[in-house]
Amino acid sequence: DFWEHYAFTLDRGFLEKRAYPVLKEAAEFPLDYLTDDGNGHLVTGPSSSPENTYKLPDGSQAFLSMGPFMDIEITRAVFDRVVRSSAILGIDADFRARVQAASATLPPFRIGKNGRLQEWQEDYEVAEPGHRHMSHLFALHPDNQITPRGTPELAQAARRALELRLANGGGHTGWSRAWIINFRARLDEGDLAWENMQALLAKSTLPDLLDTHPPFQIDGNFGATAGVAEMLLQSQNGEIEILPALPKAWAEGSVRGLKARGAVAVDITWRGDGKGEVTLRPQVTGDVRLRMPDGKTTTAHLNAGHPARFSF
């Protein structure tokens, strides 16, 4: 993700010369592809929610539809990155306005009658309730369109969608279980994230530690590693959050060198009494909002090359 590379490094040269040209082209595709659904929204399609099918009222199954929500979420993410990039660089104001106008007409999230985040524009019944793909939760992770504090109702709907998948046997492949670890971390559910980490190691990991999905599939390894990082540190939505999803099993410990968005390296030490220390090692000068494990926030000014230490 070109934007994420910039977000973690704040390398303006990279954004200008490599990232933005690609992001702009990526936005041009949906601008041409989107179509009016007749209700004032722009949607993709015909398209699918990856590998999943739904039931029609007559009992038959289908997979194509207009505007499946993973499409909409990815489109919204691309548009957001292009708007922010062009504003940072101070270029392409006309194109930025066009993208903003299109983004404003994408359909909003919808919550189904059973309380789950909808996967399709219609509240279809899923043909496989325990399907391994949970693509419509892209907005929860890896993107940040849905967050527990920013959009609590949608976060609960995402949680409900996840619960229903798991209740019906979901997460049975390693890469799918890795997604679940990250979803639980983004929902601040450390014990459930750890529970799924244990399941991945017990059921979907070979003796050489590669993820199973014959012969192997590296997605589970990368995803599980990302999940551990998300349990210890998150930095979406303009703040650095310390130990957002720490499970009880990790009562004390330390980590060094995790990278937060905003070009900040983070070291954390925590103890069983709930106390600990954080060291921020910024690569650029600027302000940062820090959220501690107790939920308290503080804004600090960081100077590049000068570590800043905080206690909680």
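**Rings, helices and a buried aspartate**

Mentor: Tyr54, Trp120 and Tyr124 are joined into a cluster by ring pairs. Keep in mind that this is a predicted model.

Trainee: How many aromatic pairs does the count come to?

Mentor: The count comes to 9 aromatic pairs.

Trainee: And how do I describe a pair of aromatic rings?

Mentor: You give the distance of the centres and the angle of the planes. Take Phe29 and Tyr33: the ring centres are 5.3 Å apart and the planes sit at 25°, so the pair is stacked. The cut-off behind that word is planes under 30 degrees apart.

Trainee: Where do Phe29 and Tyr33 sit relative to each other in helix α2?

Mentor: They are 4 residues apart in α2 (residues 12-33), which means a separation of about one helical turn.

Trainee: Phe29: buried or exposed?

Mentor: Phe29 is exposed, because its relative accessible area is 54%. Tyr33 has 31%, so that residue counts as partly exposed.

Trainee: Okay, helices next. How are two packed helices described?

Mentor: By the angle between their axes and the distance between the axes. The crossing of α1 and α2 is left-handed.

Trainee: Which residues meet there?

Mentor: From α1 you have Phe2, Trp3, His5 and Tyr6, and they meet Arg12, Phe14, Leu15, Arg18, Ala19, Val22 and Leu23 of α2. By class, that contact has 8 nonpolar, 1 polar and 2 charged residues.

Trainee: What about α1 and α3?

Mentor: Helix α1 (residues 2-9) packs on helix α3 (residues 69-89) at an angle of about 50°, with the axes 11 Å apart. So α1 is oblique to α3. Here, too, α1 passes α3 in a left-handed crossing. Trp3, Glu4 and Tyr6 of α1 make the contact with Arg81, Arg84, Ser85 and Ile88 of α3. Those residues divide into 3 nonpolar, 1 polar and 3 charged.

Trainee: One last thing. Is Asp71 buried or exposed?

Mentor: Asp71, which lies in α3, is buried, because its relative accessible area is 18% and the cut-off is under 20%.

Trainee: Which residues does Asp71 touch?

Mentor: Leaving out residues up to four places away in sequence, Asp71 touches Thr44, Ser47 and Ser48.

Conventions. Residues are numbered from 1 along each chain as its sequence is written. This is a predicted model: local features need pLDDT of at least 70, side-chain atom pairs count only at pLDDT 80 or more; totals for chains, interfaces and linings use all residues. Side-chain values use heavy atoms; hydrogens and water are left out. Axes are lines fitted to C-alpha atoms, for helices over the stretch in contact, and angles run from 0 to 180 degrees between N-to-C directions. Helices (H or I, at least four residues) and strands (E, at least two) are DSSP runs, numbered from the N terminus. Angles under 35 degrees count as roughly parallel, over 145 as roughly antiparallel, 65 to 115 as roughly perpendicular and the rest as oblique. A crossing is left-handed if the near helix is turned anticlockwise from the far one by less than a right angle, and right-handed if clockwise. Contact means heavy atoms within 4.5 Å. Ala, Val, Leu, Ile, Met, Phe, Trp, Tyr, Cys and Pro count as nonpolar, Asp, Glu, Lys and Arg as charged, and the others, Gly among them, as polar. Rings of Phe, Tyr and Trp (its six-membered ring) pair if their centres lie within 6.5 Å; planes under 30 degrees apart count as stacked, over 60 as edge-to-face and the rest as tilted. Buried means under 20% relative accessible area, exposed over 50%, partly exposed in between (1.4 Å probe, protein chains only).
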